[in-house]
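The structure goes in first, and my notes follow below.

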Amino acid sequence: MKKIAWALFLLFILGTSFKSNVCSPVLTPFKEWLSNYNEREYSIVEGYFLATKGSQKTSEFKVVKTSNTEIKIGAIYRVFEYGPFGDNCELFELGASIDTAMAGPHRPRLLFLYKKRSVQGKLVTPIFWDAGIQALHNKLVTKEYNHKSQKYDYYECTSHLEDIWKQILTTGSLHLLWKEKTAIEKTKN
């Protein structure tokens, strides 16, 4: 019994003495993703998440507008996020898990997608941006975590959503300006 206890103790010490490489991907602000948009690599969809019965999370998204003709308006897609995960920072697609408080047609969202990965009935977003950003009242509003202040900063795009869609569909690129919002209605983003 003493030998088993001693062996377990040694395993514990050895296991805790080696530092594990944990993947810590950088959270790129959504406004930067949108500024880097080009139609060859990315797609953008507008729509909303569907609430699921008896669940606190959802991943199904109904598309109401799209920049990619392969993504059908009115269709429902599962949402995934793609990025580095795990000890070795390997690139994986993981299913999104969106709080149902952000679901429903009264909570429209804009999703930024990897075009080559968003195939076969799925929408694939960059890591951390599986929920996209709020697209309510013809405005885009995003909240970004500020590591210095340890609070969220809110930003609103100075262009109306309809003008943004015109840019997307006619030029295939976006040139957007954002302003920091000091007083935004406290809604879930």
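I took a salt bridge to be a side-chain nitrogen of Lys or Arg within 4 Å of a carboxyl oxygen of Asp or Glu. By this rule I count three salt bridges. I note that the model is predicted, that local features need pLDDT of at least 70 and side-chain atom pairs count only at pLDDT 80 or more, while totals for chains, interfaces and linings use all residues. Residues are numbered from 1 along each chain as its sequence is written, and side-chain values use heavy atoms, with hydrogens and water left out.

**Entry on E93**

I looked up R117 and found a salt bridge to E93, with the closest N and O atoms 2.7 Å apart. This pair links distant parts of the chain, since R117 sits in the loop between β7 (109-114) and β8 and E93 in strand β5 (residues 90-95), 24 residues apart. Strands here are DSSP runs (E, at least two residues), numbered from the N terminus.

For accessibility I used three classes: buried is under 20% relative accessible area, exposed is over 50%, and partly exposed lies in between (1.4 Å probe, protein chains only). R117 counts as partly exposed because its relative accessibility is 31%, and E93 is also partly exposed, with a relative accessible area of 24%.

I then checked K122, whose side chain meets that of E93 in a salt bridge (2.6 Å, N to O). K122 lies in strand β8 and E93 in strand β5, so this pair ties together parts that are 29 residues apart in sequence.

**Entry on K139**

K139 forms a salt bridge with E156, and the closest N and O atoms are 4.0 Å apart. The pair ties together parts 17 residues apart in sequence, because K139 lies in strand β10 (residues 139-146) and E156 in strand β11 (residues 151-157). K139 is partly exposed at 34% relative accessibility, whereas E156 is buried, with a relative accessible area of 9%. Going back over the pairs, I noted that salt bridges with shared partners join E93, R117 and K122 into one network.

Which residues make the nonpolar surface patch of about 370 Å²? I found L27, F128, Y145 and Y152. Patches are made of residues with over 30% relative accessible area and no salt bridge, like charges being joined within 9 Å and nonpolar side chains (Val, Leu, Ile, Met, Phe, Trp, Tyr) within 5 Å. I placed F128 in the loop between β8 (122-126) and β9 (133-136), and at 38% relative accessibility F128 counts as partly exposed.

Key: Accessible areas come from the Shrake-Rupley method with a 1.4 Å probe; for residues, only the protein chains shown count as cover. Helices (H or I, at least four residues) and strands (E, at least two) are DSSP runs, numbered from the N terminus.
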